[in-house]
Amino acid sequence: MQLNPSLTQFESFSLTTESNQEDAEIDTMPVEVPLSKTSIPPSTNDGGVYILQRGNSLASQKSEELQKTLLAHRHERQLIILQDFPDPDALSCAWTYQLIAQQYDIKCEIIYAGTLSHQENIALVKLTNLPAQRWTLQTLKGKDLSFYQGFVLIDNQGTTSQLLSALQQAGMPLVAVIDHHSLQADLKSEFVDVRPHVRATATIFTQYLQAGLLTLDSSINQHVKCATALMHGLRSDTNRLMQAQEEDFMAAAYLSRFYDAQLLNAVLEANRSKRVMDVIERALKNRIVQNNFSIAGVGYLRYDDRDAIPQAADFLVTEENVHTAVVYGIVHDEDDELEVVIGSLRTTKLTLDPDEFIKEAFGQDSTGRFFGGGRTSAGGFEIPMGFLSGGNENSAYAKMKWEVFDTQIKQKLLRLVNPKDNPIQSE
Ligand SMILES: [Mn+2]
């Protein structure tokens with residue numbers, strides 16, 4: 001399996017879900033859906049109330065634009081591409097897009113190439129019957145791509161999906177990019193809504209709902225589940241709303257009318273696996289703390305346990321006097337004998353930009369792609385090991401290889417952490 005040298009995900013997971021029956025049951029609504037609420041002044045007693053408050057003209061403008069795009073693609077089939085390790089924000093927004101697009105007789109499949117490995121994401125997908133499917137590059141090769149008239153990127157800009165290049169090579173048009181990560185590359189897309197100042201893509205999608213792109217109905221089970229998924233996505237990308245800003249709170253307030261608090265609680269109560277606990281233990285043991293940065297290498301991990309890395313970073317950042325945690329390890333994909341260094345950054349320091357920090361620390365590969373990036377308070381990186389992959393049955397070699405990577409990553413991080421020659425201010 002080829003792993004992308006770029007912006008990595010922040011939460012991830014392990015399980016393949018099948019497209020379920022339930023979503024086939026949703027009523028197919030008429031194709032022409034007026035954007036009824038976009039131009040209503042903020043005095044009505046419906047969902048339009050929130051959206052048109054200050055600063056949201058962009059949200060209504062984008063909602064209108066998206067509607068026009070969907071109208072132009074009626075009766076088509078689209079692929080919704082998520083990052084290889086989709087997080088709740090991505091999963092819930094993809095589902096929302098699918099439900100919105102359904103009204104225009106656009107049939108979407110939600111796909112990701114990696115795994116779901118975070119216990120909460122597995123629970124989310126299972127408990128809501130969220131219709132995401134795992135398609136590896138191999139799966140993609142077995143498909144007739146001419147069946148689809150376009151693809152959509154949600155909560156990512158293609159840099160974290162190994163499927164992107166195959167779709168581009170097949171000449172499939174990019175219909176929409178909807179994301180809140182910093183702009184990664186100049187993508188040729190018909191519709192673009194990239195808002196790095198927004199804390200969650202779920203906020204953007206909730207604004208589309210409020211603008212009337214889909215009228216949520218509490219009596220429709222699937223709507224309730226989707227609203228719950230969005231609430232989970234919004235919460236998880238804002239550190240349980242602690243980093244939420246006004247528009248995220250507005251979105252959460254709107255979702256609160258529809259979501260199922262018990263279902264959300266069930267998702268949040270999913271337990272960590274023993275292997276994840278073991279990785280957190282290693283992170284605790286190996287961490288070094290310098291200048292309020294906590295840095296820990298955790299050695300080798302199985303592909304399915306990849307998500308233990310961001311979870312360990314989440315935990316390390318809770319230590320007193322630590323504002324930023326970076327955890328990394330070598331993730332081994334047994335199927336393809338490929339290895340990649342995967343790392344996650346978490347910060348509570350408002351003035352630290354994870355995107356800038358990671359790009360500065362690790363730079364770019366030979367094709368000019370950054371090894372990672374980020375959004376508010378979180379970031380990640382993936383460094384392919386190429387020729388050095390495998391050979392770990394020789395334990396002395398495996399140990400030496402880990403030490404080299406561990407040392408190199410620490411050097412690169414400490415260069416920024418050390419205030420002496422720190423290009424990124426950490427006062
Ligand atoms: Mn997100």
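In β12, Gly380 sits opposite Ser344. The structure is a predicted model, so local features need pLDDT of at least 70 and side-chain atom pairs count only at pLDDT 80 or more, while totals for chains, interfaces and linings use all residues. Numbering starts from 1 along each chain, following the sequence as written.

Strands β10 (residues 338-347) and β12 (residues 378-384) pair in the antiparallel sense over seven bridges; strands count as paired if DSSP finds at least two bridges between them. Strands here are DSSP runs (E, at least two residues), helices are too (H or I, at least four), and both are numbered from the N terminus. Zooming out, six strands make an open sheet with mixed pairing, in the order β7-β8-β9-β10-β12-β11. At the edges stand β7 (288-290) and β11 (372-375), each with a single partner strand, so one side of each has no neighbour in the sheet.

Helix α13 (residues 354-362) lies across β10, β11 and β12 and runs at about 165 degrees to β11. Angles go from 0 to 180 degrees between N-to-C directions, with axes as lines fitted to C-alpha atoms, for helices over the stretch in contact; contact means C-beta atoms, placed from the backbone, within 7 Å.

Then there's α2 (residues 57-72). Its buried residues are Ala59, Ser60, Lys62, Ser63, Leu66, Gln67 and Leu70. They cover an arc of only 160 degrees around the axis, which puts them on the same side of α2; the arc uses directions from the helix axis to the C-beta atoms. On the other side, Ser57 and Ala72 are exposed. Buried means 20 or more other C-beta atoms within 10 Å of a residue's own, exposed 12 or fewer, and partly exposed in between, with C-beta atoms placed from the backbone.

Notes: Two residues are in contact if their C-beta atoms, placed from the backbone, lie within 7 Å.
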